[in-house]
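Notebook open, model loaded. I wanted to look up some charged pairs first, then a sheet and a helix.

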Amino acid sequence: MSSFQTPRVVVSRCLGFDHCRYNGAMISDEFVEKLCARVECITVCPEVEIGLGVPRDPIRIVAHDDVSRLVQPSTGKDVTGDMETFASDWMNSLGEVDGFLLKSRSPSCGFKDVKLFNDRGNIIGKGAGMFARAVMARFPDTVVEDEGRLSNFAIREHFLIRIFTSARFRNVRTEKTMRELVRFHSAHKLLFMAYNQRIMRELGRIVANPGHSAPGEVIAGYGALLPRIFARVASCPAHVNVLMHAFGYFSNSLSAAEKAFFLDALERFRGKKIPLSVPAGIIQSWIVRFGEPYLNDQVYFSPYPESLVEVTDSGKGRSC
């Protein structure tokens with residue numbers, strides 16, 4: 001599990017790939033550029049795909065009585081059916097993906113902050129774009145984010161952890177062996193402990209396979225439950241619990257000064273004075289020093305490539 005499987009991520013094409021915005025612009029995004037150096041990016045511009053062209057008059061979502069339409073106010077053209085047909089056909093041919101990174105506020109791709117209008121042209125609320133809505137209906141267990149929200153470290157890290165975990169599990173489904181499932185679960189135990197211990201134990205019971213089911217059936221059951229463990233971002237107390245668990249592997253081999261140094265760092269992390277990387281880095285140094293094989297294999301200490309971590313991630317936007 002030390003090597004990184006390559007996630008497949010759908011990305012809005014205007015995010016650094018093509019000048020396909022309604023005004024002919026392209027959005028340069030440093031994180032998207034870094035991300036696509038480490039993942040397989042599948043790009044899409046739904047508005048171009050349904051023939052609206054570049055540049056084009058803007059479209060908007062008009063909502064009335066729980067019915068939404070995608071219209072072009074300047075021409076009166078209703079492209080709802082075109083978008084629904086394209087979204088369905090395109091996703092039917094997409095295959096397995098590990099995540100979606102879509103353009104924020106776009107009436108097609110925005111997944112939560114798109115302006116909704118009434119028939120008179122007044123803003124009446126916010127919701128999901130029409131293409132994004134179809135994505136979330138078709139892939140309810142797959143992470144969907146936009147480039148705006150990923151400026152927040154906690155959200156970005158959560159996104160990265162999910163897509164790389166999903167990619168690793170795709171390999172388990174490909175291999176279809178209990179050995180690979182056991183290896184996957186073992187390597188992710190500390191990561192899962194940080195997110196949700198109850199579901200971690202449920203996943204463990206599935207891996208134990210008390211009913212002696214076929215590997216394919218066990219893996220399918222595991223995969224159905226796996227996304228639920230990432231329902232929310234891991235909390236500070238959960239990280240403290242994981243690090244104390246890891247500390248237990250070394251406590252009998254450390255000097256009193258080393259123990260005190262680590263526990264002080266842990267308290268400073270708990271008090272939000274230093275980032276998680278500091279106490280986690282101390283544990284990693286002991287993993288190397290003492291050659292602890294179980295902890296060395298834990299994804300928790302390296303859940304995604306280090307090249308996707310920025311120096312500014314030391315504090316900004318952290319949830320703990």
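This is a predicted model: local features need pLDDT of at least 70, side-chain atom pairs count only at pLDDT 80 or more; totals for chains, interfaces and linings use all residues.

Started with Glu47 and Arg56: their side chains meet in a salt bridge at 2.9 Å, N to O. For a salt bridge I take a side-chain nitrogen of Lys or Arg within 4 Å of a carboxyl oxygen of Asp or Glu. Buried or exposed, Glu47 and Arg56? Both Glu47 and Arg56 are buried (buried is under 20% relative accessible area, exposed over 50%, partly exposed in between, with a 1.4 Å probe and protein chains only).

I number residues from 1 along each chain as its sequence is written, and side-chain values use heavy atoms, with hydrogens and water left out.

I then looked up the total, and the structure holds 14 salt bridges. One of them pairs Arg69 with Asp78, closest N and O atoms 3.7 Å apart. Arg69 counts as partly exposed because its relative accessibility is 32%; Asp78 is also partly exposed, at 39%.

Next I checked Arg173 and Glu96, a salt bridge with the closest N and O atoms 2.2 Å apart. This pair links distant parts of the chain, 77 residues apart: Arg173 sits in helix H5, Glu96 in the loop between helix H3 (80–92) and S6. Helices (H or I, at least four residues) and strands (E, at least two) are DSSP runs, numbered from the N terminus. Arg173 is partly exposed at 31%, and so is Glu96 at 43%. I also found a network: salt bridges with shared partners join Arg69, Asp78 and Asp119.

On to the sheet. I see 4 strands in an open, parallel sheet, ordered S2-S1-S6-S9; strands pair if DSSP finds at least two bridges between them. Strand S2 (40–44) and strand S9 (143–146) are the edges, each pairing on one side only. The twist averages 20° from one strand to the next (axes are lines fitted to C-alpha atoms, for helices over the stretch in contact, and angles run from 0 to 180 degrees between N-to-C directions). Helix H5 (residues 153–175) packs on this sheet, touching strand S1 (8–12), S6 and S9, and its direction makes about 145° with that of S9; contact means heavy atoms within 4.5 Å.

Last item was H10. Which helices do the buried residues of H10 pack against? They pack against helix H7 (189–195), helix H11 (256–270), helix H12 (277–290) and helix H13 (293–296). Among those buried residues are His239, Leu243 and Phe247.
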